[in-house]
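Colleague: I would like to learn how to read a structure such as this one. Please take me through some features in turn.

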Amino acid sequence: MKNLKSKILNGLFKIWVFLLSIPLVLIYVPIRGIVRQFRKIVLKKHDVKHHYQGHNRTLLALEKGALGSNETAQTNRNFIYFILAAITPYLLFVIVPFLMGIYFSFTNWTGLNTGNEIFIGFANYKNIFSSFAFAYSFYRTAIYSVLNIIFINLVAFLLALLVTQKLKLTNVYRAGFFMPNLIGGLVLGYIWQFIYRNALPSIGGILTNSLISNPDTAMGALIVVITWQYAGYIMMIYIAALQNVPTDLIEASKIDGANAWQRLRTITMPLVAQAFTIAMFLTLVTSFKQYDTVMALTQGGPATTLPQFLQNIFAAPNRTVESLNLMAINIYDSAFVRYEMGVGQAKAIIFFIILLIISLTQVYYNKKKEVEL
Amino acid sequence: MTNERKATFILEIIAVLLLVAFFFPFFIVLMNAGKTSQEIINAPMAMPSSISQFYINVRNILTNPSVRYGRSFFNSLFITTFSLIFINISSGMAAWVLVRTKKKYSTLIFMFFLAGMVIPFQVVMLPLVRFLEVLRSWTGIPFKDTFHGVILAYMGFGAPLSVFMFHGFMKSIPIDIEEAATIDGCTKIQMFFRIILPILKPIFVTLLVLNGLWIWNDYLLPVLIIGMNGKVRTLPLAVANLAGSYVRQWDLILTSVVLAALPVIVLFLFAQKHIIKGMTSGAIK
């Protein structure tokens, strides 16, 4: 009876794996070669060395009986089954498009000539590096990310310090500060668009003119929104780290006469350095990839003139640009608004490389500051 | 002693004030969701004159053809639920064999999964849309604007983080339990679902929260795979669609915003303890 049940379970499991790998099965021909190579490596018989063979045959027989006679082959087949369900969609929806994307960035794909695009070498990249729009977009994204990282982490750390004190309603505060993070970027964008366009101007004073229609204040307005959304989440990371700081260290420093600021600087901060690494990495990546909130808030932002130094570099006087045209938006626009898919893809590749370099550098430098207890 | 109590009291007040400030946007939205369009334009900071307008607005949204709230809500729920189940189980299985197989290729495959964590969606999105068309012409199965297409896409994009976190957690589970189970005649599948999965519960919850928030609120992936007017469009798409077709009709937009945010907030209020614990324990790992 038990055996039957396990057989049914086994069968159901195989059906499930099969269903999940339908795409793989259906494009079997191109993948067959890879799979064969893979199986060859995996199913290779490993010669197990039994040092005690001859000395204790009964033990060996017992072990064989318990583990099944061709145990290695069984394990290896299981290895493939178990990994298939995760790796198939990952290959199909991430890796294959990623590799295709590298190729497309070297073609003149426009979205209208799909299938007929031709290889044009580095022309797209040259095009991008000589365009002031992308340089401006990068410049704004860099400013935005730096300000964003500072503000979010500052606010989050202060909030974390606040709610780890002995307050009465700590759990309420934590849940409350975390709340904005539950709502999607797009929905948040509409909420704040209303606040900036209607609610705040009705108060009057300096707020009469909407903050998001002024190119000088639009970024500040966006940073307020993102900080409001994200600080609660980052706060949670800091709380977890702050709770791991041993209280006896704090007590000892109190007895030694250190004031609150000294305690924070010399004991708490070094001990939560690991949390700083993670939090800064997370804020950096989200700032760089910011798309839906900006889209819902200002759709790229109010128009402004190109800053003087970029006008000089690109010899492009008096051009107008969109002040919140961050990189993610720039990529989307060149692909789906101007239908320059090849250019958009090349921008995406540059974006990827920049993000990779910056985040690796950041993690490397932060790691050096971490202290092991 | 009194000094310290005074300090705590001041901190308590600061915290309450900050909490009020944090809730201010929600408050404005709720307040204006109960007004007519004209009232909102005239006095956005005033309290609504009567509660019945809120019901009228909600009914307008529920019957609005460009939102199709019930349908979109179901789609979002379906996609999120199944993506979460599939991501977690498939990544858990993969991570388990990757940890337990001490071979060079398993490290290589693990590295291969990790590589996905640094690939931003923007790099993959354009070729992905095209590749889905290619897949359709090869197999005859449509992937765009279908449940399985979106769910498989989320499985692909969710796999790296999930495999990474399961892998990290799994290393701390002693192998003795599994050996004992093998000797008792447990098959691999039984072992995974009966022994490993229950042990993985804490990290499982973390991933449910992280992936759940991401998938429920995601906009860019659905807009590309499903499309603004797709059959299986999710709640964010419905809101964007409404905001696109009724520009600055704040009574409709704000009510739809309330209705879109409500399910997650209600869920949060009920499962608050698990969600907060899940988020923090996952982040620091």
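Colleague: Which residues of helix 12 of chain B are buried?

Modeller: This is a predicted model, and burial is judged by counting: 20 or more other C-beta atoms within 10 Å make a residue buried. In helix 12 of chain B the buried residues are Leu235(B), Pro236(B), Leu237(B), Ala238(B), Val239(B), Ala240(B), Asn241(B), Leu242(B) and Ala243(B). That is nine of the eleven residues in the helix, which runs over residues 235-245, so it is largely enclosed by the rest of the structure.

Colleague: What do the buried residues of helix 12 of chain B pack against?

Modeller: Within chain B, they pack against helix 4, helix 10 (201-217), helix 11 (220-225) and helix 13 (250-270). From chain A, helix 9 (185-203) joins them.

Colleague: Take one residue. Which residues is Val239(B) in contact with, leaving aside its neighbours within four places in sequence?

Modeller: From chain A there are Leu186(A), Val187(A) and Tyr190(A); from chain B, Ser256(B), Val257(B) and Ala260(B).

Colleague: How many residues does each chain bring to the contact between the chains?

Modeller: The general idea is that the size of an interface is often given as the accessible area lost when the parts come together. Here we count residues instead: chain A brings 79 and chain B brings 76. On the side of chain A, helix 5 (residues 71-104) gives the most, with 18 residues. By class, that side has 61 nonpolar, 13 polar and five charged residues.

Colleague: What is the secondary structure of chain A?

Modeller: It comes to 17 helices and two strands. Of the 373 residues of chain A, 37% count as buried.

Colleague: How does the reach of helix 17 of chain A compare with what is expected at 1.5 Å a residue?

Modeller: An α-helix has 3.6 residues a turn, so residues three or four places apart point the same way. Helix 17 of chain A, residues 341-368, has 28 residues and reaches 41 Å from its first C-alpha to its last, close to the 40 Å expected. Its buried residues include Met341(A), Phe351(A) and Leu355(A).

Colleague: Now backbone angles. What is phi of Gln299(A) near?

Modeller: Most residues other than glycine have a negative phi, and most peptide bonds are trans. Gln299(A) has a positive phi, near 55°. It sits in the loop between helix 14 (292-297) and strand 1 (303-305) of chain A. Arg68(B) also has a positive phi, near 45°, and lies in the loop between helix 3 (52-63) and helix 4 (69-100) of chain B.

Colleague: Why does Gln299(A) count as partly exposed?

Modeller: Gln299(A) counts as partly exposed because it has 14 C-beta neighbours inside 10 Å. Arg68(B) is partly exposed, with 17 other C-beta atoms within 10 Å. For Arg265(A), in helix 12 (residues 260-271) of chain A, the count is 11, so it is exposed.

Colleague: How far apart are the C-alpha centres of the domains of chain B?

Modeller: The domain assignment gives domain 1 (2-63) and domain 2 (70-245). Their C-alpha centres lie 37 Å apart.

Technical notes. Residues numbered from 1 in each chain as written. Chains lettered and ligands numbered in written order. Predicted model: local features only at pLDDT ≥ 70, side-chain atom pairs only at ≥ 80, totals over all residues. Helix = DSSP H or I, 4+ residues; strand = E, 2+ residues; numbered from the N terminus. Buried ≥ 20, exposed ≤ 12 C-beta atoms within 10 Å, placed from the backbone. Contact = placed C-beta atoms within 7 Å. Nonpolar A, V, L, I, M, F, W, Y, C, P; charged D, E, K, R; others polar. Domains from an automatic or database assignment. Expected span 1.5 Å × (residues − 1).
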